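Here's a short tour for someone opening this one up for the first time. Have a look at the sequence and the model, then read on.

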Amino acid sequence: MKRKLLSLSLVAVLLLMAAVPALACTPLGIGKGASEDGSVMVSHTCDGWYDHRIQIVPGGEYAPGTMMDVYVDMCLGTRPANPITKVGEIPQAEKTNTYFHIGYPFMNDKQVMMGEFTWSGREEVYNAAGMLYIANLEQLGLQRGSTAKEAVQIMGELAEKYGYGDGGETLVVGDKDEIWVFEVCGGGLLWTPESEQPGAHWAAQRLPDDEVFVGANRARIGVIDFEDKDNFLVSTNLTALPEQMGWWKEGEPFDFAKIFNPVPYGGPFYQSRREWRAFSLVAPSQEFPILDEFGAYPFSVKPDKKLSVKDIMNIYSDHLEGTPYDLTTDKAAGPYGNPNRWPIGRDQKPEGRTGQDWERAIAMFRCSYSFVSQSRSWLPDPVGGVLWFGEDAPDTTVYVPIYCGVTEIPTPWTVGERHKFDPTSAWWAFNLVNNYANLRWDAMYKEIREKKDSYESVFFAEQAATEEEAVKLFNEDPAKAVAFLTEKTMERLNTVEKGWWEFAWHLIGKYYDGGMINEEGRMTSPGYPMKYLEEVDFGGPALKDLEEINKK
Amino acid sequence: MKKTALSLFLALLVLSLCAVAEAPPEETKLEGPYLVTTCGQSPGAVMVGMSAMQAGAKATYNNALTAETFEPGEFKTLIVTAGTSMKGMGAAGTDINAEIERCLGVIKAAREAGLKIVGAHIEGMARRTDSSDAASIEAVMAEADVILVVTDSDSDGFFTAYAKEHEKPLIVVKDALEIGKVL
């Protein structure tokens, strides 16, 4: 019977995986007391083919009765096979914030930031009649919310009112003071807009200020303390359906993750490995145990030392180096220590291992974009909110600071087809470099990291002076600060975009045909590591033939 | 007095007529516990199961049920929902032919075990769009002792005509939420 239930659960999970697109992100939240400078930090790796184009959507004022269109599924922009369609209208707010739109909208001009990951959850709570998807909720939360908590409440209320049609999702929502982790899934298969029942189940938990949260494709909010209104927010009738369905009984602890996401998708360590790795990197002293998909790590942990933006960027470049799961040293890494592992279909896996997968590092080649944000209460909003943005994979990207007060982004960062090569788009420069590095990962990755650092180190070094100048201008006239930061951000984005194309051409001209062009213009042959040559029996067949010939 | 007696008589008559009208015919009476599966991996079976459970009926849904794994236990009725999901079948690694074969096997085993067979279509016209949907409906309804549909699924009268032609009892409910009321 247990086996039957497990099979059923697996089928349910597979069904939801087929229905839900966002499958592999790793966001973090860092409370103001856990960061080096008191910033509240939110981060996100958007792992998969999702819209990488940044659009600034200006805030506005609207007459009562104005309606706004709702489009689904906005995160899939750039996919010709998944056209975005209008699914309805809802009343527009009388006043909206400026927000930054992308696959998963991530920032507004009030320093509110959002990171995202998918967990899908039970098929029983999914409902196709729900109008709003997670990207819609983010858009609405950023447009209408001026704090993280307010954004969470707005998203929750709208999801209940209009129905939530997406799979289970988590958002890490931060502002200049605090972080809330918001988890949402549908109202149930039987929900209809006419039912007058809430169209979503959701809960939110406040992150302790001195702690760090990580999520990776399974729900993370555990037992809810319904009495603790300071640290938990929940949807209307949250317990009703779980009780009716026998998932929970009155008197038992209400474990949100176990109730709504009892069987996380992916292999047994697809989610837990990344949670383990991120927590182990920020708090190695706690020696976290290895847990599979059914074992839960704490919601958040206190880091051994306070964290910087750079620390989070480094976590995002992790390939499990130095662990038993190191993707750069196992056999599949090949001769050049390549951590990238292409996806494998279930019918392509060896017998007895169809439920397994490659080890999953935090750094992922198929990432569309990633960011690390800072929200700072001691700075005026246009300066205090800054999002370090990188296109494509986090380990080979360059993070460029984009202030939440800017009013323009250079065109190459706002465009780009993805189903064909598009040289007008910055994204393709980063994707080209990342893909080209697969030719000779050990040599090129080192060079890429040096080049990446050559930009980022300058941005870090200039940050204090840039912000000091911006604050000075803000005190004279906020518009001057906005103009200054816009110009500075545009200049940096343009420099990086042009520089990265040049760098791509440089790599192509330097590494080809198994060789490497040196400084004198000569082709050198780095060859293969000796260990690898021994493992692949270099020269073996020839020696065997020679042995046979010499016998004669 | 006469007027009162007449009124009382009329009231009793109306009440008894109502009772007759509301009592479901014997042939459409369904008895739990219910075992539910889908022929096409759409969410229909789960919806039926949820509606039943929310109405207090005992129901178990299993989209991977086969004749081999079928155990009659206390089940009195097997409900098979028709209508297909290409995504669902893809994710479950199956197709419409395999689904029909699986369901016909389950129906045979259930019938042999004395269960009543209900063929259901409860996801509306959205699950009556292509040849896979048609094949699923045809296979399931042909084996059904009773047909259960929601109003939207029968909006063109297809199931009414089918039930009449094949002399099968038909239960029509407003929507998926209402299914629990007839279980």
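## A loop residue in chain A

Let's start with A34(A), which sits in the loop between strand 1 (28-30) and strand 2 of chain A; strands here are DSSP runs of E, at least two residues long, and helices are runs of H or I, at least four long, numbered from the N terminus. A34(A) is buried, at a relative accessible area of 1%, where buried means under 20%, exposed over 50% and partly exposed in between (1.4 Å probe, protein chains only).

Its contacts (heavy atoms within 4.5 Å), leaving aside neighbours within four places in sequence, include D209(A), E211(A), P303(A) and L307(A). A34(A) and S308(A) are 274 residues apart in sequence, yet 9.1 Å apart in space, C-alpha to C-alpha.

## What this rests on

This is a predicted model, with local features needing pLDDT of at least 70 and side-chain atom pairs pLDDT 80 or more, while totals for chains, interfaces and linings use all residues. Residues are numbered from 1 along each chain as its sequence is written, chains are lettered from A and ligands numbered from 1 in the order written, and side-chain values use heavy atoms, without hydrogens and water.

## A covered strand in chain B

Over in chain B, five of the five residues of strand 5 (residues 146-150) are buried. Both faces are covered: V146(B), L148(B) and V150(B) on one side, I147(B) and V149(B) on the other.

Strand 5 of chain B runs parallel to strand 4 (residues 116-121) of chain B, joined by four bridges; strands pair if DSSP finds at least two bridges between them. L148(B) is the bridge partner of A120(B).
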